[in-house]
Amino acid sequence: MASNTEHYNLVKPDYTDAADVAQLNGNMDIIDNLIWQLANADGDEEILALLRQIIATVGETADTDGDTISGSVMAKLNAILVKNTSLIDYMPLLNSTIGTDNPVPLDTIILQAVVGNVFEYTTAGTYILQIPATVTKIKVTACGAGGGGGGSNDGGGGGGGGEAIVEQEYSVTPQSQLSITIGAGGAGGSDNAAGKAGGSTVIGSLVTLRGGNGGSVASQGNAQGAVAVGNGGAGGNSKYVPRRTEITTPSGDGTNGLIGSGGSGVLPVGNTTGTYASAACAGGGGGGSIGNGGNGQTGNGGGTTPTKGGGGGGGGRGYIASQNRTADGIDGAPGYAKIEWGYK
């Protein structure tokens with residue numbers, strides 16, 4: 001006995017029913033009318049835009065030239081089914097997991113390449129990423145770690161941002177293991193010590209991204225911010241204000257990195273012209289990377305924590321109401337990596 005669909009009352013004949021051309025034509029008329037309304041919905045641009053987006057995303061059955069990071073869904077699927085190899089070539093992977101606690105279904109293997117995946121690494125250390133059987137290309141966004149800001153006393157320069165890349169494409173071997181090392185942020189200096197350099201981030205044999213330099217320190221003068229490494233931002237210089245000198249300008253800003261902004265310099269804080277007149281200083285801002293550099297510090301603090309390879313702000317000192325307050329340089333941010341493939 002025939003039934004009907006839920007939303008548009010299309011007739012669904014039973015397998016034992018005789019073919020009824022009138023019913024088939026009626027179904028087609030309903031579907032044709034609905035598609036025509038969508039395609040000609042001039043008064044609703046939102047519906048039209050959504051329809052075009054769906055068509056572009058899915059593609060057509062004959063789409064080619066797809067891989068694991070580009071092309072429509074159908075182009076990616078055809079790359080697996082036709083261009084790269086036959087599904088028989090994936091049988092070793094299937095057979096290796098049959099009878100185990102975690103077998104890999106064939107549809108999962110295909111979805112890994114077509115739908116894709118994203119892996120992010122934000123903490124210093126070494127990791128192993130298993131490349132699926134169908135994945136031949138990946139996109140990498142990553143950076144080295146930021147350098148630490150110089151220490152206090154007479155001021156520290158800001159640390160530099162790590163070298164970076166964004167959505168860089170690389171070829172990989174299916175079913176291989178990709179080693180990923182995330183660099184540790186450089187330590188900020190204390191007790192008039194320079195900041196340490198950040199560690200490198202290494203993505204297998206594909207790319208090595210250097211960490212940023214540490215900020216320097218100076219005695220009774222402006223300390224130099226870290227020199228830039230690659231496209232990582234440079235650290236800002238510290239600001240030293242001698243005794244009996246009015247405070248009018250802040251320390252230097254860190255420069256921008258590939259994406260992230262440099263940290264801001266700050267005004268020195270102290271009684272340079274008051275009753276307890278003494279010298280004061282402020283640390284420079286850290287350089288940017290993928291993330292932002294940290295702001296500089298004064299004797300009252302004021303620094304901010306850098307992000308994703310950003311350099312740490314330098315430390316500063318100031319006499320406030322006869323109290324000698326200091327702030328150490330801020331640690332640089334750890335490196336970062338994002339590995340992705342498939343449709344995004």
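**Aromatic pairs, sheets, salt bridges and a surface patch**

Biologist: How many aromatic pairs does a search of the whole structure find?

Modeller: This is a predicted model, in which local features need pLDDT of at least 70 and side-chain atom pairs count only at pLDDT 80 or more, whereas totals for chains, interfaces and linings use all residues. Residues are numbered from 1 along each chain as its sequence is written, and side-chain values use heavy atoms, with hydrogens and water left out. Rings of Phe, Tyr and Trp (its six-membered ring) pair if their centres lie within 6.5 Å; planes under 30 degrees apart count as stacked, over 60 as edge-to-face and the rest as tilted. Under this rule, the number of aromatic pairs found in the whole structure is two.

Biologist: What is the angle between the planes of Phe119 and Trp341?

Modeller: Phe119 and Trp341 form an aromatic pair whose centres are 5.7 Å apart. The pair counts as tilted, and the angle between its planes is 40°.

Biologist: How far apart in sequence are the parts that Phe119 and Trp341 tie together?

Modeller: Strands (E, at least two residues) and helices (H or I, at least four) are DSSP runs, numbered from the N terminus. Phe119 belongs to strand 3 and Trp341 to strand 14, so their pair ties together parts separated in sequence by 222 residues.

Biologist: Which class of accessibility does Trp341 have, buried or exposed?

Modeller: Buried means under 20% relative accessible area, exposed over 50%, and partly exposed in between (1.4 Å probe, protein chains only). Phe119, at 28%, counts as partly exposed. Trp341 has a relative accessibility of 3%, so the class of Trp341 is buried.

Biologist: Which residue of strand 14 is the bridge partner of Tyr121?

Modeller: Two strands pair if DSSP finds at least two bridges between them. Strand 3 and strand 14 (residues 336-341) run antiparallel and are joined by five bridges. In strand 14, the bridge partner of Tyr121 is Ala337.

Biologist: How many salt bridges does a search of the whole structure find?

Modeller: Side chains of opposite charge can pair when their charged atoms come close. A salt bridge is a side-chain nitrogen of Lys or Arg within 4 Å of a carboxyl oxygen of Asp or Glu. The whole structure holds salt bridges to the number of two.

Biologist: How many residues apart are Asp154 and Arg317?

Modeller: The closest N and O atoms of Asp154 and Arg317 are 3.3 Å apart, in a salt bridge. Asp154 lies in the loop between strand 5 (137-143) and strand 6, and Arg317 in strand 12 (residues 316-320), a separation of 163 residues.

Biologist: Which residue meets Glu163 in a salt bridge?

Modeller: Glu163 is buried, since its relative accessible area is 17%. Its partner in the salt bridge, at an N to O distance of 3.0 Å, is Arg210.

Biologist: Which residues form a nonpolar patch on the surface?

Modeller: Patches are made of residues with over 30% relative accessible area and no salt bridge: like charges are joined within 9 Å, nonpolar side chains (Val, Leu, Ile, Met, Phe, Trp, Tyr) within 5 Å. Areas come from the Shrake-Rupley method with a 1.4 Å probe, and for residues only the protein chains shown count as cover. Ile259 counts as exposed because its relative accessibility is 52%. The patch has about 250 Å² of accessible area together, and its members are Val166, Leu258 and Ile259.
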